[in-house]
Amino acid sequence: MNETAMKYLAMLRPAQWLKNLMIYFPPFLGGTILTPGVWRVGLLPFAAFCLAASFTYLVNDICDRENDLHHPVKKNRPIPSGSVSVRTAFVVSLVLLGSALWLATEVSGTFLLLLAGYLVVSVSYSLRLKEIPVLDLFCISSGFLFRLEAGGVAFGITVSQWLFLSVFLLSLFLSTGKRLGELNALGENAGQHRKSLMRYPDGFLELALSLTGAAVLVTYTIYVVARPSLVYTVLLCCFGLLRFMFRVKAGMGGDPTESLLKDRQLLVVSILWASAFFWIVYR
């Protein structure tokens with residue numbers, strides 16, 4: 001792959017597409033992921049959210065290109081670094097948007113509405129809402145909820161209330177960790193990169209991280225208690241939460257995707273959780 005192609009691929013942030021696996025959570029947790037044809041049913045919804053997510057990343061990078069120059073890592077992204085022009089990025093974003101909406105119409109009208117809701121919140125976040133403390137955390141969390149509900153619609157599975165709450169609180173926990181990680185990494189320069197970081201009172205993000213982490217543990221425990229054997233996966237859940245908190249407080253970064261891919265302990269415990277859940281539900 002040549003250098004130009006690499007720039008365009010990096011601009012789409014394919015590593016972040018891991019979040020779109022949330023589409024498959026309803027059938028996986030519901031015990032139907034091995035039903036013939038299920039993976040094929042999920043291909044269009046997954047692809048639609050991948051294209052939509054890349055569109056929102058481009059919009060965010062275009063809007064944040066000046067502020068990203070103050071971030072030690074983000075300044076090297078194609079748009080803020082100038083290796084890809086804003087005009088080119090804008091044209092690519094329109095192609096991604098049109099493709100995502102077209103694929104969504106092929107799934108169902110309800111799925112299209114959920115994808116549209118995700119796009120509206122994400123673009124609003126990039127344009128304004130990311131500067132408002134607490135609301136910025138809820139905007140990030142909503143992305144996971146839209147994916148979860150869209151997966152339920154795509155596969156014809158009703159998402160339970162406790163699963164909804166568990167995913168909401170987990171996403172809020174992760175987004176809080178991401179913000180705290182940014183604040184710790186940037187220090188006094190945090191406000192130049194993201195204004196909302198300097199608007200959080202001292203200790204607020206640490207408290208929010210602990211609060212949401214504890215809440216996730218409670219709601220997930222209630223979610224799995226209906227199946228006694230799954231209660232043992234709470235141990236893995238607890239370890240994963242504490243390990244992520246350790247990474248954030250130790251200054252190792254709070255981006256959920258990067259943490260999963262780069263932290264061996266988090267990756268191993270995630271695989272163990274998925275394997276244990278699979279063995280208990282599908283044995």
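This is a predicted model: local features need pLDDT of at least 70, side-chain atom pairs count only at pLDDT 80 or more; totals for chains, interfaces and linings use all residues.

Q: At what angle do the axes of α10 and α11 cross?
A: The axes of α10 (residues 204-224) and α11 (residues 233-249) cross at roughly 170 degrees and come within 10 Å. Because angles over 145 degrees count as roughly antiparallel, α10 is roughly antiparallel to α11.

Q: Let us take leucine 209. Is leucine 209 buried or exposed?
A: Leucine 209, which lies in helix α10, counts as buried because its relative accessibility is 2%, and the cut-off for buried is under 20%.

Q: What does leucine 209 touch, leaving aside residues up to four places away in sequence?
A: Leucine 209 touches Phe173, Thr176, Gly177, Leu180, Met245 and Val248. Of these, Met245 and Val248 also belong to the α11 side of the helix contact.

Q: Changing topic, how many residues has α6, and what is its reach?
A: Helix α6 (residues 109-127) has 19 residues and reaches 27 Å from its first C-alpha to its last, close to the expected 27 Å.

Q: Which residues of α6 are buried?
A: They are Phe111, Leu114, Leu115, Gly117, Tyr118, Leu119, Ser122, Tyr125 and Ser126.

Q: And what does asparagine 60 touch, beyond residues up to four places away in sequence?
A: Asparagine 60, in helix α3 (residues 38-63), touches Arg13, Tyr125, Ser126 and Lys130. Tyr125 and Ser126 are among the buried residues of α6. Asparagine 60 itself counts as buried, at 14% relative accessibility.

Q: Where does arginine 13 lie?
A: Arginine 13 lies in the loop between α1 (3-12) and α2 (25-29). At 15% relative accessibility, arginine 13 counts as buried. Its phi is positive, about 50 degrees, although arginine 13 is not a glycine.

Q: What is the phi of valine 134?
A: Valine 134 has a positive phi of about 75 degrees, although it is not a glycine. Most residues other than glycine have a negative phi. Valine 134 is placed in the loop between α6 and α7 (135-155) and is partly exposed, with a relative accessible area of 34%.

Methods:
Residues are numbered from 1 along each chain as its sequence is written. Side-chain values use heavy atoms; hydrogens and water are left out. Axes are lines fitted to C-alpha atoms, for helices over the stretch in contact, and angles run from 0 to 180 degrees between N-to-C directions. Helices (H or I, at least four residues) and strands (E, at least two) are DSSP runs, numbered from the N terminus. Angles under 35 degrees count as roughly parallel, over 145 as roughly antiparallel, 65 to 115 as roughly perpendicular and the rest as oblique. Contact means heavy atoms within 4.5 Å. Buried means under 20% relative accessible area, exposed over 50%, partly exposed in between (1.4 Å probe, protein chains only). The expected span of a helix is 1.5 Å times one less than its number of residues.
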